[in-house]
Amino acid sequence: MKFVQAILLAFCAAAPTTMARIGRKDKAHRDLEARFLRAPPGAEVIEQEYVVEVNPDKRDEARTILEDLVEEYNGKILYEYSTAMTGFSIDGVPEAAMFDILAEFPEVIWTVEEDTVVHEAAVASWGLDRIDQVNKNLDNTYKLPNGLDGSGVDIYIIDSGILHSHSEFTGRIMGGKDFSNDGLGSPGDGHGTHVAGTAAGKTMGVAPGANLYDVRVFGDDGDGTSSATVIAAINWVVTRHKSRGTKSVINMSLGGGFSQNENNVVKAAVEAGIIVVVAAGNENQNACNTSPASAAEAITVGASTENDRRADFSNWGTCVDIFAPGEGITSAVETGNGATDVYDGTSMASPHVAGAAALLLQHDSSQGGSAGEATLTALALPNKLSSIGNGSHNKLLYVSNIGGANPSPPSPSPPSCATSPQNWVDSFGDGCEWYVNNGCSDAGDWAVNGVSAIQACCVCGGGSTGNGPSPNPPGPTPTPPAPSPVSAPSPVFAPSPVFAPSPVFAPSPVFAPSPVFAPSPVFAPSPVWWRKERKE
């Protein structure tokens with residue numbers, strides 16, 4: 001019995017030492033596992049590829065260790081890091097070997113992390129996706145052009161107010177002015193918040209680094225506002241811009257009846273160096289009948305669809321300078337700090353262009369005022385849209401060439417007349433339809449712009465189609481060639497009512513002063529109530 005007790009006592013005395021040794025081994029193993037950083041569940045692991053963090057004071061020693069390791073396994077060192085972190089990325093080494101160097105060189109090799117595939121974040125709205133690529137085969141991404149994000153530029157949202165606490169705007173709403181008497185920060189509807197999100201939201205905006213100013217002209221009651229209130233808001237922005245000397249953009253996703261005073265104030269804002277962007281309106285009418293869309297100095301924006309057509313509600317006409325996505329647009333709203341919703345309207349198209357204006361001003365501060373309109377329309381994609389409406393400029397917003405690092409988008413080859421009826425317009429009301437190309441909608445435009453050698457297609461009175469290149473040299477007036485004694489004049493190019501002096505080439509009501517541009521009771525200043533240009 002004493003012998004058994006002695007054995008038990010001996011075992012019990014030895015046990016703590018044995019258990020302690022096992023515990024120390026487990027701890028070492030746990031430490032090793034903690035230094036081998038595995039990818040999270042669901043991540044796409046790149047086999048035998050690792051990011052290795054090393055002791056900054058022993059970088060040379062670490063490089064030697066890793067060079068020997070990759071040589072042994074026929075791998076390679078991909079990158080060496082020395083600024084944000086000190087380390088290397090390596091490829092082609094088995095996991096067991098990575099554990100070995102972690103165990104053997106704990107003072108040199110700090111961590112080893114499995115490398116994983118990184119994807120571009122999915123774009124919040126198809127609108128962002130469309131404006132960064134030439135063609136409409138969307139890739140579900142939005143790439144900021146040439147490192148630009150609108151930083152240092154102020155965008156003034158003259159609208160129904162912005163939810164200041166929304167996560168899309170954290171730290172970038174710099175102030176504002178309330179003309180509604182309902183206060184700033186917690187608006188009663190989502191229109192202004194949605195507009196601001198598209199212009200400069202963190203994840204939903206064209207210019208996610210721009211500053212925002214909340215200039216509220218619509219109240220919580222949902223009613224319209226007056227032209228006098230909008231004029232006061234613009235005046236406040238111009239005064240602030242002049243006193244601060246900053247790079248500034250105004251977005252007005254609103255509209256009402258024609259107001260000469262309103263247009264004059266827009267002109268003053270542009271002359272002060274502000275880029276003013278406005279919605280064309282949602283009445284499927286001539287935008288020149290409304291303000292501020294009719295202001296010549298503003299960038300007036302029509303709405304396009306995901307199929308590259310003018311939205312059926314969008315206003316049209318010569319006052320529409322450019323189109324941008326405006327149907328089915330996802331952006332921030334006022335119902336919560338992370339809330340979003342999908343809206344339609346030229347109100348949604350306009351802030352796409354306002355955001356692009358901020359990118360342009362960040363790149364080149366001399367692009368303020370009218371220079372901004374000229375540049376953005378020049379960089380836009382020509383002839384991408386169908387059913388644009390009589391007189392509208394067939395220009396689709398494109399941001400990827402802002403900053404100059406990327407080439408301008410290629411000009412598309414003009415399709416045949418037979419396959420592109422959507423690009424025909426009857427500008428003069430004479431029964432002749434002309435193919436839209438190179439910014440010219442008809443022969444009169446060719447004469448004005450001195451365009452030659454472009455596809456000349458026309459259909460008169462529903463008759464036959466003529467198709468062929470213009471033979472005229474560059475010049476102010478396309479003159480038909482003299483009949484050749486060798487060959488008889490061709491019906492396409494021979495003098496005819498189409499090419500002979502006619503209302504097509506002669507001054508016409510399109511170019512002459514007309515009631516559209518002349519002062520009239522319709523356009524005289526009046527107590528018009530203004531509305532937001534979201535399609536309800």
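**Close-up views of a predicted model**

**View 1. A right-handed disulfide joins Cys288 and Cys319.** The torsion about the S-S bond of Cys288 and Cys319 is about 110°, so the disulfide is right-handed. The pair links distant parts of the chain, 31 residues apart. Cys288 sits in the loop between strand 12 (275–279) and strand 13 (290–291). Cys319 sits in the loop between strand 14 (299–304) and strand 15 (322–325). The S to S distance is 2.1 Å, where a disulfide is a pair of cysteine sulfur atoms within 2.5 Å. The structure holds one disulfide. Cys288 has 3% relative accessibility and so counts as buried. Cys319, at 14%, also counts as buried. Buried means under 20% relative accessible area, exposed over 50%, and partly exposed in between (1.4 Å probe, protein chains only). Helices (H or I, at least four residues) and strands (E, at least two) are DSSP runs, numbered from the N terminus.

This is a predicted model: local features need pLDDT of at least 70, side-chain atom pairs count only at pLDDT 80 or more, and totals for chains, interfaces and linings use all residues. Residues are numbered from 1 along each chain as its sequence is written, and side-chain values use heavy atoms, with hydrogens and water left out.

**View 2. An open sheet has five strands in the order 1-5-2-4-3.** Its pairing is mixed; two strands pair if DSSP finds at least two bridges between them. Strand 1 (36–37) and strand 3 (76–81) stand at the edges. Each has a single partner strand, so one side of each is left without a neighbour in the sheet. Strand 2 (45–54) and strand 5 (109–116) run antiparallel, joined by six bridges. Val52 stands opposite Val112 in strand 5.

**View 3. Helix 2 (59–72) lies across strands of the sheet.** These are strand 2, strand 3, strand 4 (87–91) and strand 5. The helix runs at about 5° to strand 4. Axes are lines fitted to C-alpha atoms, for helices over the stretch in contact, and angles run from 0 to 180 degrees between N-to-C directions. Helix 3 (95–104) also packs on the sheet, touching strand 1, strand 2, strand 4 and strand 5. Its direction makes about 160° with that of strand 5. Contact means heavy atoms within 4.5 Å.

**View 4. The largest nonpolar core has 51 residues.** Such a core is a set of buried Ala, Val, Leu, Ile, Met, Phe, Trp, Tyr and Cys residues joined through side-chain atoms within 4.5 Å. Helix 8 (346–363) gives the most to this core, with 10 residues.
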